[in-house]
Amino acid sequence: MSCSPTTLSEALDYLRNIINSHGNKKILITDHKENFHKIITILEDIESSDNNNPEEKEQFRALYSKQQKELKSLSEQNKDLNTLANQQQIEIEQLKSEITKIKAQKYDEISNKKYESNNMIPTTSTFAQVVKNNRAIINNTTQRKDHVVIITPKEDNLSKDSNQTIAILKEKIDTKTTLDNGLRIERFQPARGKKCLIKCNSEQDVEKICNILNNDDKIIAKKPTKKNPRVMIVGISKDILGQEILDLIKAQNPNINEFLLQNHNEFMKIIFDKPDRVGTKFAIVETSPALWKIIIDGKRLFIGHKACPVRNRVSVLQCFNCQRFGHSANNCQNKTVCGNCAGEHKTESCKQLPQPLNTTTMDNSITILCQNVQHSRAGTQQILINAESHESPILCVQEPYTFGDKVCGLTGYKVLSSANPKAVIATVMPNVLLIQQFSTPNCACALFNNQQPFLLISVYFSPNAPLDKNQPSSSTDISLEEDLDHLGKIISHYSNIPIIITGDFNGWHPAWGSDSTNLRGEAIFNFISSNQFIILNDGTTPTREAGESATFIDITIANNRAIHIINNWNVLDEITHSDHKLIRFQILGSRPLPERSITRRFKTKNVKWDKFYRLASNEINPYNIRSRHLASAEEVNDLVETMTDTLISICDRTLPRNKPGKRSIYWYNDELKERKQLCKRLRRKWKRSRNQILKDLYFICYIDCLKEYKNLLISTKRNSIRQFYTIQNGESVWKQVYKWCKTPANLNQSLKSIKTENGWTSTPLETANHLINKFFPDDPGDTIDQSLVSTIAQSRCQKQESKA
């Protein structure tokens, strides 16, 4: 097509090539201008030449008729193609309309579907559905089998790491060896334990590499083998050692012993054994496949004096990016799938909290309130009011109202904290132990010794504190790294009991509802993930509101042992006189709320003492005779215990019980209640208003009402205590004031953990026993003179009794 035409046939060929090469595209004259001029010249020459040459005329007519036929056939083909294209376009439009109808039907089915109020099913796919869909995709696609050779150095000193093993391997299998044997190696891959992998193209390449390196003096080449199955045996006595476990299995289980004697290739060996949390131990045993089936089918093994349950021990490599099995997240090329909600995002950025499983129905529960009062006197009084309305015996307070280095304002509560605290735990419950060795100004740690013991930690992390302990800072606060390390020590020390950590963390992360992430939030989230704690925040309600800004900085986390006893975690819409909102959650329990710790159990006023004297004279007199024949300290202790039990029994039968009165805030009157309700109403109007002008107006009214309520709260309490002091005189001081002073509930009865020669005490009973043994030790044994005097005195008493 590049050569210029000189004859009529060449001109026709030239035009035909142009049409075939351009197809339906437009032909630009400028690109072929010179050749078109030559074609026109050829046609003019033919027209001006002698027309009497019949051969050329006949040839020209034949070419013209041929071109006409081709043009006509092309035109018919073009019409057929246009008709087919129109039909396909109509079919496409019909398919689109059908797809739209199906989508509308499915949407109507989803939107009209009703769920029961107690069993709401999420619209997102479950983890099982995602895995099922992925499995279907895997089954439909053909996966190439990996052909791998494992390379291991013969001696440890030959290689420092897997990269050096690869360097040694490349010396053994160089380019010449690869060409001579026709090896097709894809890549060398480092592995753990100074090993490396050779990924080949086929099984034949694997066999060739194994034959080449069969007798090498530095490295060993082998094909990967299948893992032997393992079983976990639980409930084994702690005094049975590892090898003794296998001997007892063979001796006490005849079917296993016979199978091992008949099949010498079968085996079993202990991988490790470890104590559990219930006073026994468990063992992991690796066996051959045939022996594994016999053990699993039997379900139990006789070991020592127990029938120990047997469970299958499966260790499967799982990817935490796509949630599939058989590979890790570092080598994953699949789409990201959340392990919590099955969404297309990372698990750590998921905002949907898995609901805690509470399968036990319990009649009573303990309500815990948590709030940062920002050193406010009004906020401290308001949390007491909220505690009374919600019947909460435990308060976790951050930045409490203090005077000097002590917490003030939490009247009626025992405050558990260190000196100069920024986080405290206040409670009216008995049998609570302050863990003194783990309590710091930023962390209050207390052990509640109930039927279900649990460890409660109240924390405050300052936003001005440095992140790293080595980071220079003008602030005097402890760094975030040191605070998290301190919490880690508490968690590792009390790993066997439920642990609940709540407080003001001052960190942002989407895991607990924040829209963004800062460095503090990232460090806190890494700490929570590494210790396998569960975040209780639902991420929907902010925990701090200052004007129009809302943040999620107050967090509650719990370990796996505590998640089953926690219920109803929520952020309350209560008046707090603080930027922070009130957080409430419950500890489930089958026990009633504990009574106040009082020493007076019985009423002694307006009681008929005749029955008491009659029973006492009959039941106490035998102890008088018994006390004259005591020979040892054990007999004295036994006499005291039995006599005390007898007295309590007599009191139960004759005297009424002294019921503790209900704790109330005496100065909280109806005017304060009405003002509080008004603040709530104005707050709701401000939050729900959509008109910006009205919203600003409601906000101003709410702030004014809140200030009036705060001032009224403080003035009411001040006037109440002043009125009480005014009416006291020489006579009245012996009434209410004396009653308060003598009431044991107002005394500081809380015990702390103390350091002994054997370490720190862990329960109130251990603390009390140590103090008794320290300050009131047992009397030493009688000397010869003392025993002689005691013998003479007893003989004289016996003579007097015989004379009487």
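Me: UniProt positions follow the numbering used here, feature names are shortened, and annotations may be inferred rather than shown by experiment. Which residues does UniProt list for "domain: CCHC-type"?
Reply: This is a predicted model: local features need pLDDT of at least 70, side-chain atom pairs count only at pLDDT 80 or more, and totals for chains, interfaces and linings use all residues. Residues are numbered from 1 along each chain as its sequence is written, and side-chain values use heavy atoms, leaving out hydrogens and water. For this domain, an unreviewed UniProt entry lists residues 319–334.

Me: How far apart are the end C-alpha atoms of residues 319–334?
Reply: Helices (H or I, at least four residues) and strands (E, at least two) are DSSP runs, numbered from the N terminus. Over residues 319–334 the chain is 0% helix and 0% strand. Its end C-alpha atoms are apart by 10 Å.

Me: How many residues of strand E5 are buried?
Reply: Buried means under 20% relative accessible area, exposed over 50%, partly exposed in between (1.4 Å probe, protein chains only). Strand E5 spans residues 230–236 and is mostly covered. Of its seven residues, the buried number five.

Me: Which residue in E7 stands opposite valine 231?
Reply: Two strands pair if DSSP finds at least two bridges between them. E5 and E7 (residues 281–287) run antiparallel, joined by five bridges. Opposite valine 231 stands valine 285.

Me: Which residue in E9 is the bridge partner of isoleucine 233?
Reply: Strand E9 covers residues 306–313. Four bridges join E9 to E5, and the two run antiparallel. The partner of isoleucine 233 is valine 310.
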